[in-house]
Amino acid sequence: MSSEMIGALGLGLLLVLMVLRVPVALCMLIVGVGGFSQVISWGAAVSMVKSVPVEVLSNYSFSAIPMFILMGVLAAHSGMAGKLFDSTRTLCGGWKGGLAIAAVGSCGMFSAISGSSLATASTMTRVALPEMERLGYNRGLATGALAAGGTLGIMIPPSIALLIYAILTEQSVGDMFIAGFVPGLMGLLFYALTVSIVVHVKPSLAVPGEPTSWGEKLASLAGLLPFFGVFLVIILGIYFGLFTPTEGASVGAFATLVYAVVKGLRGRELWTAIQETLGLSTVVFFMLVGADTLGYFISVSRISFSISDFIYGLSLSPMLVVLCILLLYFVLGMFMDSIAMLVITVPVVFPIIQTLGIDPIWFGIVTVLTVELGLITPPVGMNVFVIKAMAPHVRLGEIFRGVSPFIASDFVRLALLILFPALTTYLLTV
C-alpha cells in the first residue's frame, strides 16, 4: 500500500473516531502514531511519541497560550467584566436595543484580553443576560447577541486562534495580531449595526434603555480603562518592537493580576483562577501534541503534497481554491471546535496555499473568520451550547434563531475581506 493511500485512510479514520466522540486530541494521537508506524516503522513511531511532547511543551512560543488564558480568567474573576458591561450600558443609554449593543461591545472588549471565544461567551452571559431579560428583551435577540459577540474573541488580538495558526505555519505572531485588528473591529461594528437593523425591523424585540447624560457617559469610561490599558500595552508593545508577542502575553497577564489583587482577589479565589487556567491550558496543549504527531504522519505520507499536485493540475484559479477551502472550513465548523479544526486542517491545507503563492497572513485571517462562523452555526455551534448551559431556560432553537442575523453579518464581513485584502494587510505596510 502506498504512503498516500495510508495517509488517506488515516484521515478517514480520524473522522470516524471524532464521530464516535473520541476526544479530538486522542484521535490525532492514535491516527498520527498508527499511521507513522505503517509508513516508517513502529520503532520510529515510539521515538516520535517520546520526542513530540517534549518539543511542544518546551516550545517558547507556546508559553504565550497559558498567559493569555490567565488574563481572561483573572478578568472574569476580578469583576472587570461586570464593570465593563455597566460602562458600555451607560454609553448606550437611551438607544433602542442599546443593551444588546452594549453586550456586543462588552464581548468585543473582554475578548481583547481573554483571547478565547468560549470564555467570552460564558462570562458575558452571566453578566449581561439577566439584565436584558429583566428589562424585557426578547430572549432570542439577547442570547443571539451574546453568542455572536463571543466569537469576537477568536479574531480581536491577542487571539489564541491567531497565535496557534501563526505557530503552525511559522508566520510572525505579531503580524497576525496586527492583521486581525481591522477585521475584529469590523465584526464589532457590524454586530452593533445588525442589532440596530433587527430592532428597527421588529421593535417588539427590544426596549429603549434608560437615557444617560453626557456626564454619566464620560464617567462610565473609567470602567473601560483596565481593558484598554492592558490591550494597548500588549498591542503597542508588539507593534513598536518593545517586546515579543510571548513577552507581551506575560506583561498583560501580570498587569491583569495586579488589577485583580488590587480589587481584592485573594486566597481561594486566586487559586481557583490558577486551577482554571491550568485546566484550559492542559486541553490546548494536549491538542497541540496531537496535532504535531498528526502533522508528522501527514508529512511522511505525502498526502498533502498529493492533494496540492491534484488541485494544481486542475488549473483552478487561486481564489477558487481558497473559496473551496473556506467552504470546507465552514462545513467542518458546524461539527468541530475551532482550535481543534485549525490544528487538524492547517498542516494539510497550508502546503496548497504555499504552492499557489497566496499571502499566508491574509489566508490566516479569512480562515479564522470562517472558523469563527462555525462557533454559531448549527448543529454544533460551540458558543450557542455554552450559552445554553449558562441559560438552560432558553430553548436551543431560540438561540439559533436569534443568532441568524449575525451569521448573515459575518458573511458580509468575510466577503469584504476576500474582495479587499488590503483591509487585512494595510496595517502591516504602515
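Colleague: In this predicted model, where is the place of Glu-170?
Modeller: Residues are numbered from 1 along each chain as its sequence is written, and because this is a predicted model, local features need pLDDT of at least 70, side-chain atom pairs count only at pLDDT 80 or more, and totals for chains, interfaces and linings use all residues. Side-chain values use heavy atoms, with hydrogens and water left out. Taking helices as DSSP runs of H or I with at least four residues, numbered from the N terminus, the place of Glu-170 is in the loop between helix H9 (160-169) and helix H10 (173-201).

Colleague: Is Glu-170 buried or exposed?
Modeller: Buried means under 20% relative accessible area, exposed over 50%, and partly exposed in between, with a 1.4 Å probe and protein chains only. The relative accessible area of Glu-170 is 73%, so this residue counts as exposed.

Colleague: Is Thr-370 buried or exposed?
Modeller: Thr-370 is found in helix H18 (residues 360-374), and, not counting residues up to four places away in sequence, touches Leu-326, Tyr-329, Phe-330 and Leu-414, where contact means heavy atoms within 4.5 Å. Its relative accessibility is 2%, so Thr-370 counts as buried.

Colleague: Which backbone oxygen does the side chain of Thr-370 reach?
Modeller: Thr-370 lies in helix H18 (residues 360-374). At 2.7 Å, its side chain reaches the backbone oxygen of Val-366.

Colleague: What is the relative accessible area of Tyr-426?
Modeller: Tyr-426 has its place in helix H21 (residues 422-429). This tyrosine is exposed, because its relative accessible area is 53%.

Methods
Helices (H or I, at least four residues) and strands (E, at least two) are DSSP runs, numbered from the N terminus. A polar contact is a pair of N or O atoms within 3.5 Å; within protein, one must be able to donate a hydrogen and the other to accept it, and residues adjacent in sequence count only if both atoms are side-chain atoms.
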